[in-house]
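Let's take a walk through this protein together. Have a look at the sequence and the model first, and then we'll go through it piece by piece.

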Amino acid sequence: VRDVGKNIRHAPGLEVTDDDLKVWLSDLKALFSDPTFNNDNPLAKDALDQLQQLENDELIIERSEVVVAIKDSVDYLRTLPAHSNRETLELQSRIDDLEVKYHLDNTCTYKIGPFVESGVFGLEDFYIPPNISRVILQSRQKYITSEEPLTSLEQMFSSKRITILSADAGVGKTTFCKSLVTLWCAVQEGKTNPLAKLSHSQNFFSDIAYLAEFTYLFCIQLRGSKCDKLEDIIFSHTELVDTELTRNNKAFCDLLSNETGLVILDGLDECDIPIISPLATNRKYTVLITSRPWKLGNTDMPRT
(Lines give C-alpha, C1' and ligand atoms only; values in the text may rest on other atoms or scores of the structure.)
Protein backbone atom coordinates (compact mmCIF):
# COMPACT_ATOMS: atom_id res chain seq x y z
CA VAL A 1 0.00 0.00 0.00
CA ARG A 2 2.94 2.32 0.68
CA ASP A 3 4.08 1.66 -2.88
CA VAL A 4 0.58 2.40 -4.15
CA GLY A 5 0.72 5.81 -2.48
CA LYS A 6 4.10 6.57 -4.05
CA ASN A 7 2.93 5.45 -7.48
CA ILE A 8 -0.14 7.67 -7.35
CA ARG A 9 1.47 10.74 -5.78
CA HIS A 10 4.55 10.69 -8.00
CA ALA A 11 3.06 9.45 -11.25
CA PRO A 12 4.85 11.03 -14.28
CA GLY A 13 1.54 11.77 -15.98
CA LEU A 14 -2.04 12.65 -15.06
CA GLU A 15 -3.49 9.30 -16.12
CA VAL A 16 -3.16 5.70 -14.95
CA THR A 17 -3.97 2.49 -16.80
CA ASP A 18 -7.10 0.51 -15.97
CA ASP A 19 -4.97 -2.49 -15.01
CA ASP A 20 -2.84 -0.49 -12.56
CA LEU A 21 -5.90 1.16 -11.05
CA LYS A 22 -7.57 -2.23 -10.56
CA VAL A 23 -4.53 -3.59 -8.70
CA TRP A 24 -4.13 -0.48 -6.56
CA LEU A 25 -7.79 -0.42 -5.55
CA SER A 26 -7.63 -4.11 -4.68
CA ASP A 27 -4.57 -3.58 -2.46
CA LEU A 28 -6.10 -0.58 -0.70
CA LYS A 29 -9.41 -2.33 -0.09
CA ALA A 30 -7.60 -5.39 1.27
CA LEU A 31 -5.78 -3.21 3.81
CA PHE A 32 -8.84 -1.31 5.01
CA SER A 33 -10.90 -4.51 5.16
CA ASP A 34 -8.42 -6.09 7.57
CA PRO A 35 -9.87 -6.23 11.13
CA THR A 36 -6.69 -4.65 12.47
CA PHE A 37 -7.65 -1.40 10.71
CA ASN A 38 -11.38 -1.81 10.35
CA ASN A 39 -12.63 -2.61 13.86
CA ASP A 40 -14.02 0.48 15.57
CA ASN A 41 -12.22 2.72 13.09
CA PRO A 42 -14.64 5.01 11.25
CA LEU A 43 -11.83 6.50 9.15
CA ALA A 44 -10.96 3.07 7.74
CA LYS A 45 -14.60 2.37 7.04
CA ASP A 46 -15.03 5.75 5.32
CA ALA A 47 -11.93 5.11 3.21
CA LEU A 48 -13.31 1.71 2.22
CA ASP A 49 -16.62 3.29 1.19
CA GLN A 50 -14.83 5.92 -0.89
CA LEU A 51 -12.70 3.31 -2.61
CA GLN A 52 -15.83 1.36 -3.49
CA GLN A 53 -17.46 4.51 -4.92
CA LEU A 54 -14.30 5.32 -6.86
CA GLU A 55 -14.20 1.82 -8.34
CA ASN A 56 -17.86 2.14 -9.39
CA ASP A 57 -17.25 5.66 -10.78
CA GLU A 58 -19.70 7.08 -8.24
CA LEU A 59 -17.32 9.18 -6.15
CA ILE A 60 -17.83 12.95 -6.33
CA ILE A 61 -14.45 14.68 -6.15
CA GLU A 62 -14.57 18.28 -4.92
CA ARG A 63 -12.64 20.98 -6.78
CA SER A 64 -10.69 21.79 -3.61
CA GLU A 65 -9.41 18.19 -3.51
CA VAL A 66 -8.21 18.50 -7.10
CA VAL A 67 -6.34 21.71 -6.19
CA VAL A 68 -4.64 19.97 -3.24
CA ALA A 69 -3.55 17.13 -5.54
CA ILE A 70 -2.14 19.58 -8.09
CA LYS A 71 -0.27 21.49 -5.37
CA ASP A 72 1.16 18.22 -4.08
CA SER A 73 2.41 17.43 -7.59
CA VAL A 74 3.95 20.90 -7.90
CA ASP A 75 5.73 20.55 -4.55
CA TYR A 76 7.11 17.17 -5.61
CA LEU A 77 8.33 18.51 -8.95
CA ARG A 78 10.27 21.24 -7.19
CA THR A 79 12.29 18.59 -5.35
CA LEU A 80 13.46 16.91 -8.55
CA PRO A 81 16.88 17.56 -10.10
CA ALA A 82 17.11 19.98 -12.99
CA HIS A 83 17.63 17.23 -15.57
CA SER A 84 14.29 15.49 -15.13
CA ASN A 85 12.91 13.07 -17.65
CA ARG A 86 10.63 14.05 -20.50
CA GLU A 87 7.45 12.81 -18.81
CA THR A 88 8.10 14.95 -15.73
CA LEU A 89 8.64 18.00 -17.89
CA GLU A 90 5.36 17.27 -19.65
CA LEU A 91 3.61 17.15 -16.27
CA GLN A 92 5.15 20.49 -15.32
CA SER A 93 3.81 21.93 -18.56
CA ARG A 94 0.33 20.65 -17.75
CA ILE A 95 0.46 22.20 -14.29
CA ASP A 96 1.53 25.53 -15.77
CA ASP A 97 -1.51 25.33 -18.04
CA LEU A 98 -3.75 24.80 -15.01
CA GLU A 99 -2.27 27.83 -13.20
CA VAL A 100 -3.43 30.26 -15.92
CA LYS A 101 -6.64 28.42 -16.84
CA TYR A 102 -8.84 30.46 -14.48
CA HIS A 103 -7.84 33.74 -16.09
CA LEU A 104 -8.09 32.36 -19.62
CA ASP A 105 -11.63 31.15 -18.93
CA ASN A 106 -12.88 34.14 -16.94
CA THR A 107 -10.87 37.28 -17.72
CA CYS A 108 -9.21 37.17 -21.12
CA THR A 109 -12.17 37.59 -23.47
CA TYR A 110 -14.01 40.73 -24.52
CA LYS A 111 -17.58 41.48 -25.49
CA ILE A 112 -17.55 44.05 -28.28
CA GLY A 113 -21.28 44.59 -28.45
CA PRO A 114 -24.64 43.31 -29.68
CA PHE A 115 -24.00 44.21 -33.34
CA VAL A 116 -21.10 41.81 -33.84
CA GLU A 117 -21.80 38.12 -34.43
CA SER A 118 -20.92 36.10 -31.30
CA GLY A 119 -19.58 39.34 -29.77
CA VAL A 120 -16.75 37.67 -27.82
CA PHE A 121 -13.14 38.00 -28.95
CA GLY A 122 -9.62 37.64 -27.62
CA LEU A 123 -7.34 40.57 -26.93
CA GLU A 124 -5.16 40.06 -29.98
CA ASP A 125 -8.16 40.32 -32.33
CA PHE A 126 -8.92 43.99 -31.85
CA TYR A 127 -7.33 45.65 -28.81
CA ILE A 128 -5.63 49.04 -29.11
CA PRO A 129 -3.62 50.05 -26.01
CA PRO A 130 -4.53 53.48 -24.63
CA ASN A 131 -2.28 56.47 -24.14
CA ILE A 132 -1.51 56.65 -20.41
CA SER A 133 0.28 59.48 -18.63
CA ARG A 134 1.62 59.74 -15.10
CA VAL A 135 0.44 62.79 -13.15
CA ILE A 136 3.29 64.47 -11.27
CA LEU A 137 2.43 66.85 -8.43
CA GLN A 138 4.66 69.92 -8.71
CA SER A 139 3.16 71.98 -5.88
CA ARG A 140 0.96 70.53 -3.13
CA GLN A 141 -0.12 73.98 -1.91
CA LYS A 142 -1.32 75.22 -5.29
CA TYR A 143 -1.97 71.72 -6.65
CA ILE A 144 0.05 72.28 -9.80
CA THR A 145 0.62 69.11 -11.80
CA SER A 146 2.37 67.99 -14.94
CA GLU A 147 1.98 64.86 -17.05
CA GLU A 148 4.57 62.39 -18.26
CA PRO A 149 3.56 59.84 -20.94
CA LEU A 150 4.15 56.23 -19.94
CA THR A 151 5.79 54.07 -22.55
CA SER A 152 6.30 50.78 -20.69
CA LEU A 153 4.77 48.52 -18.09
CA GLU A 154 7.86 48.88 -15.90
CA GLN A 155 7.25 52.63 -15.67
CA MET A 156 3.74 51.96 -14.42
CA PHE A 157 4.58 49.45 -11.71
CA SER A 158 8.21 49.64 -10.63
CA SER A 159 8.21 52.84 -8.55
CA LYS A 160 5.16 52.49 -6.28
CA ARG A 161 3.33 49.63 -4.58
CA ILE A 162 -0.05 51.22 -5.38
CA THR A 163 -0.85 52.58 -8.84
CA ILE A 164 -4.16 54.34 -9.48
CA LEU A 165 -5.47 54.43 -13.05
CA SER A 166 -8.13 57.13 -13.43
CA ALA A 167 -10.29 57.87 -16.48
CA ASP A 168 -13.89 58.72 -17.36
CA ALA A 169 -16.53 56.06 -17.94
CA GLY A 170 -16.22 54.08 -21.17
CA VAL A 171 -12.60 54.98 -21.88
CA GLY A 172 -11.36 51.42 -21.35
CA LYS A 173 -10.14 50.94 -17.78
CA THR A 174 -11.63 47.46 -17.43
CA THR A 175 -10.42 46.40 -20.86
CA PHE A 176 -6.92 47.58 -19.98
CA CYS A 177 -7.04 45.41 -16.85
CA LYS A 178 -8.09 42.46 -18.95
CA SER A 179 -5.25 43.16 -21.35
CA LEU A 180 -2.76 42.96 -18.47
CA VAL A 181 -4.23 39.63 -17.38
CA THR A 182 -4.09 38.31 -20.95
CA LEU A 183 -0.46 39.37 -21.34
CA TRP A 184 0.49 37.89 -17.97
CA CYS A 185 -1.06 34.57 -19.03
CA ALA A 186 0.86 34.78 -22.31
CA VAL A 187 4.13 35.28 -20.44
CA GLN A 188 3.35 32.32 -18.17
CA GLU A 189 2.75 30.18 -21.26
CA GLY A 190 5.99 31.30 -22.88
CA LYS A 191 4.39 33.37 -25.63
CA THR A 192 6.79 36.22 -26.32
CA ASN A 193 4.58 38.49 -28.40
CA PRO A 194 0.83 37.82 -28.44
CA LEU A 195 0.22 41.27 -29.91
CA ALA A 196 2.47 40.85 -32.95
CA LYS A 197 -0.35 41.55 -35.40
CA LEU A 198 -1.04 44.90 -33.72
CA SER A 199 2.01 46.86 -34.85
CA HIS A 200 0.80 50.10 -33.29
CA SER A 201 0.70 48.49 -29.84
CA GLN A 202 4.42 48.06 -29.54
CA ASN A 203 5.07 51.25 -27.59
CA PHE A 204 3.32 50.52 -24.28
CA PHE A 205 3.39 46.73 -24.39
CA SER A 206 6.90 46.39 -25.81
CA ASP A 207 8.18 45.02 -22.51
CA ILE A 208 5.58 42.39 -21.63
CA ALA A 209 8.43 40.21 -20.36
CA TYR A 210 8.38 42.54 -17.34
CA LEU A 211 5.17 40.81 -16.25
CA ALA A 212 7.26 37.73 -15.47
CA GLU A 213 8.24 39.66 -12.32
CA PHE A 214 4.82 38.76 -10.92
CA THR A 215 4.56 35.18 -9.70
CA TYR A 216 0.78 35.43 -9.28
CA LEU A 217 -1.97 37.77 -10.41
CA PHE A 218 -5.46 38.46 -9.05
CA CYS A 219 -7.98 40.51 -11.04
CA ILE A 220 -10.81 41.57 -8.72
CA GLN A 221 -13.99 43.43 -9.63
CA LEU A 222 -14.82 45.85 -6.81
CA ARG A 223 -18.50 46.25 -7.69
CA GLY A 224 -20.50 45.80 -4.49
CA SER A 225 -17.45 45.28 -2.28
CA LYS A 226 -17.67 46.68 1.25
CA CYS A 227 -14.13 45.81 2.45
CA ASP A 228 -11.71 48.67 2.91
CA LYS A 229 -8.60 46.67 3.76
CA LEU A 230 -6.66 45.29 0.81
CA GLU A 231 -6.16 41.98 2.59
CA ASP A 232 -9.91 41.61 3.18
CA ILE A 233 -10.61 42.34 -0.49
CA ILE A 234 -8.01 39.82 -1.65
CA PHE A 235 -9.12 37.01 0.65
CA SER A 236 -12.83 37.54 -0.04
CA HIS A 237 -12.01 37.14 -3.75
CA THR A 238 -9.60 34.21 -3.50
CA GLU A 239 -11.96 32.21 -1.28
CA LEU A 240 -14.58 32.48 -4.01
CA VAL A 241 -12.09 31.33 -6.63
CA ASP A 242 -10.67 28.47 -4.57
CA THR A 243 -11.63 27.19 -1.13
CA GLU A 244 -7.95 26.56 -0.30
CA LEU A 245 -6.87 30.20 -0.68
CA THR A 246 -7.82 31.40 2.81
CA ARG A 247 -6.19 33.32 5.64
CA ASN A 248 -5.59 30.05 7.46
CA ASN A 249 -3.59 28.60 4.58
CA LYS A 250 0.00 29.15 5.69
CA ALA A 251 1.43 28.28 2.28
CA PHE A 252 -0.81 30.89 0.62
CA CYS A 253 0.06 33.56 3.20
CA ASP A 254 3.75 32.77 2.72
CA LEU A 255 3.27 33.23 -1.02
CA LEU A 256 1.80 36.71 -0.47
CA SER A 257 4.73 37.65 1.77
CA ASN A 258 7.60 36.09 -0.15
CA GLU A 259 6.66 36.25 -3.84
CA THR A 260 6.04 39.36 -5.92
CA GLY A 261 2.49 39.51 -7.26
CA LEU A 262 0.08 41.87 -9.00
CA VAL A 263 -3.39 42.60 -7.59
CA ILE A 264 -5.76 44.45 -9.92
CA LEU A 265 -8.75 46.13 -8.24
CA ASP A 266 -11.09 47.27 -10.99
CA GLY A 267 -13.92 49.75 -10.44
CA LEU A 268 -13.34 51.64 -7.19
CA ASP A 269 -16.21 53.95 -8.20
CA GLU A 270 -18.60 50.97 -8.30
CA CYS A 271 -18.33 50.16 -4.59
CA ASP A 272 -19.02 51.86 -1.25
CA ILE A 273 -15.46 51.82 0.05
CA PRO A 274 -14.75 55.22 1.76
CA ILE A 275 -11.08 54.50 2.47
CA ILE A 276 -8.31 52.32 1.10
CA SER A 277 -6.08 51.25 3.98
CA PRO A 278 -2.29 51.09 3.46
CA LEU A 279 -0.75 47.83 2.32
CA ALA A 280 0.58 45.44 4.92
CA THR A 281 4.33 45.95 5.26
CA ASN A 282 5.05 42.22 5.13
CA ARG A 283 3.45 41.73 1.70
CA LYS A 284 5.27 41.90 -1.64
CA TYR A 285 2.38 42.43 -4.05
CA THR A 286 1.80 45.52 -6.18
CA VAL A 287 -1.73 46.92 -6.49
CA LEU A 288 -3.40 48.57 -9.49
CA ILE A 289 -6.68 50.38 -8.73
CA THR A 290 -8.95 51.75 -11.46
CA SER A 291 -11.54 54.45 -10.82
CA ARG A 292 -13.45 57.32 -12.30
CA PRO A 293 -11.98 60.67 -11.19
CA TRP A 294 -14.88 61.73 -8.94
CA LYS A 295 -14.48 58.69 -6.67
CA LEU A 296 -10.86 59.56 -5.91
CA GLY A 297 -11.97 62.87 -4.42
CA ASN A 298 -14.34 61.03 -2.05
CA THR A 299 -11.96 58.26 -1.00
CA ASP A 300 -9.14 58.46 1.52
CA MET A 301 -6.11 56.88 -0.14
CA PRO A 302 -2.73 55.82 1.29
CA ARG A 303 -0.01 58.47 0.96
CA THR A 304 2.80 55.99 0.28
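Which residue just after α4 takes a positive phi? That would be Asp57, with a phi of about 60°. Keep in mind that this is a predicted model. Helix α4 itself covers residues 42-55, and at 1.5 Å a residue its 14 residues should span 20 Å; the C-alpha atoms at its ends are 20 Å apart, so the two agree.

Now for the inside. The largest nonpolar core has 26 residues, and Phe157, Phe176, Leu180, Phe205 and Ile264 have the most contacts inside it. Two or more residues each come from α8, α9, β6 and β7, with α9 giving the most, eight residues. Pick out Ile264 and you'll find that it touches Leu180, Leu217 and Leu288, among others. There is also a second, separate core of 23 residues, which includes Tyr216, Ile220, Leu256 and Tyr285.

Next come the charged pairs: the structure holds seven salt bridges. In one of them, Glu148 in strand β4 meets Arg134 at 3.1 Å, N to O. Arg134 sits in strand β3, 14 residues apart from its partner.

Another joins Glu270 and Arg223 at 2.6 Å, linking two loops 47 residues apart. Glu270 is partly exposed, at 33%, while Arg223 counts as exposed because its relative accessibility is 65%, and the cut-off for exposed is over 50%.

Finally, Asp232 and Arg247 meet at 2.2 Å.

Terms used:
Residues are numbered from 1 along each chain as its sequence is written. This is a predicted model: local features need pLDDT of at least 70, side-chain atom pairs count only at pLDDT 80 or more; totals for chains, interfaces and linings use all residues. Side-chain values use heavy atoms; hydrogens and water are left out. A nonpolar core is a set of buried Ala, Val, Leu, Ile, Met, Phe, Trp, Tyr and Cys residues joined through side-chain atoms within 4.5 Å. Buried means under 20% relative accessible area, exposed over 50%, partly exposed in between (1.4 Å probe, protein chains only). Helices (H or I, at least four residues) and strands (E, at least two) are DSSP runs, numbered from the N terminus. Contact means heavy atoms within 4.5 Å. The expected span of a helix is 1.5 Å times one less than its number of residues. A salt bridge is a side-chain nitrogen of Lys or Arg within 4 Å of a carboxyl oxygen of Asp or Glu. Lists of a residue's contacts leave out its neighbours within four places in sequence.
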